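Please examine the sequence and the model shown here.

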Amino acid sequence: MTSKPNTPASKTTGARLRADDIVTPKRGESKKDAPKAAKKAEAKAPKTTNKAASGDKKRRAKVIAFANQKGGVAKTTTALNLAVALKESGHKVLAIDMDPQGNLTMSQGIDPDKVDKSMFDVLVHEMSLREVIAEREIDVAVSSIDLAGAEIAMAAQIGRERRLQKAVNEIRGDYDFICIDTPPSLGLLTINALTAADKVIVPVQCEYLSMRGLMQLQNTLRMIRENLNPKVEIEGILPTMLDSRTVHAKEAIEILEENFGDLVFQSRIKKAIKFAEAPVRGASVLKYDPKGKAATYYRDLAKEVISHE
Ligand SMILES: Nc1ncnc2c1ncn2[C@@H]1O[C@H](COP(=O)(O)OP(=O)(O)OP(=O)(O)O)[C@@H](O)[C@H]1O
Ligand SMILES: [Mg+2]
């Protein structure tokens, strides 16, 4: 269910984090790709509003993708726990598992090896999302292991980048928020998620902070905006798995804020063992330990996301 971060620990642990190590663009990356320029572009993009909160009769879901091509940065943990926190605050929420690893599906107690209809069918056979939704703490559109073959199966299909967007648009009226978990890559599954999304939340593990990775993600978003989905923008960059006692983590956040300014959420997700325990029980931390600190981190994030409306 869990997966290891794919950044070598040796690069950052034990040694003081140097801003240059992670900010300086590497060979092949032009100046215009620098994070500051990217931040400016983000800041310029108009904010969209969504009035689909509870009580409003006409729902039109805000669609949020959780993306970072780096593995193990808490994409799935954030997608699930934010989704549950948004539900707790009275919203109707769907989570879509676009990762063949099926971690979000498993985190709601469903075995991805045993489902007969999954996001594979939605993407490859244009099945309705409604047919692959399981009702758990929140509604979950489930993944299965065969989703790994979806990129190849879609490769020769027309409109392959827009399959998820099409499916999501059909059910936007049923929800206030749709949270899409993505795999640790910028392949066709993630491209589908970014094309379907209004907003992107980028979880960043401060310990393994990679500005270079964030710049790659910004470049992909720019490409998506130019070719597939002009309105998609970053909702926020979320520092996760924070050990706020270490100088290293403080520096990492300072560097993030220097480079991305207001795009960095005020909310902080600190390290807590409950985050590793909850998925084993097939539950969010909000259900597993409702009064614990870990749950409050995501309740605070939900408030911040709602305040952006
Ligand atoms: N705040 C936290 N404190 C401690 N452990 C955490 C925290 N958030 C997530 N984890 C744990 O870290 C691991 C990786 O988290 P998660 O699966 O959410 O990352 P991911 O980005 O979705 O990974 P992948 O790229 O493989 O999909 C999991 O075991 C998870 O339980
Ligand atoms: Mg994941």
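The questions below concern the fold of this model.

This is a predicted model, in which local features need pLDDT of at least 70, side-chain atom pairs count only at pLDDT 80 or more, and totals for chains, interfaces and linings use all residues. Residues are numbered from 1 along each chain as its sequence is written, and chains are lettered from A and ligands numbered from 1 in the order in which they are written.

Q: How many helices and strands does the protein chain have?
A: Helices (H or I, at least four residues) and strands (E, at least two) are DSSP runs, numbered from the N terminus. On this basis the protein chain has 13 helices and seven strands.

Q: In what order do the strands of the open sheet lie?
A: Two strands pair if DSSP finds at least two bridges between them. The pairing in this sheet is mixed, and the order of its seven strands is E3-E4-E2-E5-E1-E6-E7.

Q: Which are the edge strands?
A: An edge strand pairs on one side only. The strands concerned are E3 (133-135) and E7 (233-240).

Q: Which residue in E4 stands opposite Ile-96?
A: Strand E2 (residues 93-97) runs parallel to strand E4 (residues 139-141), and three bridges join them. Opposite Ile-96 stands Ala-141.

Q: Which residues of H9 are buried?
A: A residue is buried if 20 or more other C-beta atoms, placed from the backbone, lie within 10 Å of its own. Helix H9 covers residues 211-227. Its buried residues are Met-211, Leu-214, Met-215, Leu-217, Gln-218, Leu-221 and Ile-224.

Methods: The expected span of a helix is 1.5 Å times one less than its number of residues. A residue is buried if 20 or more other C-beta atoms lie within 10 Å of its own, exposed if 12 or fewer, and partly exposed in between; C-beta atoms are placed from the backbone.
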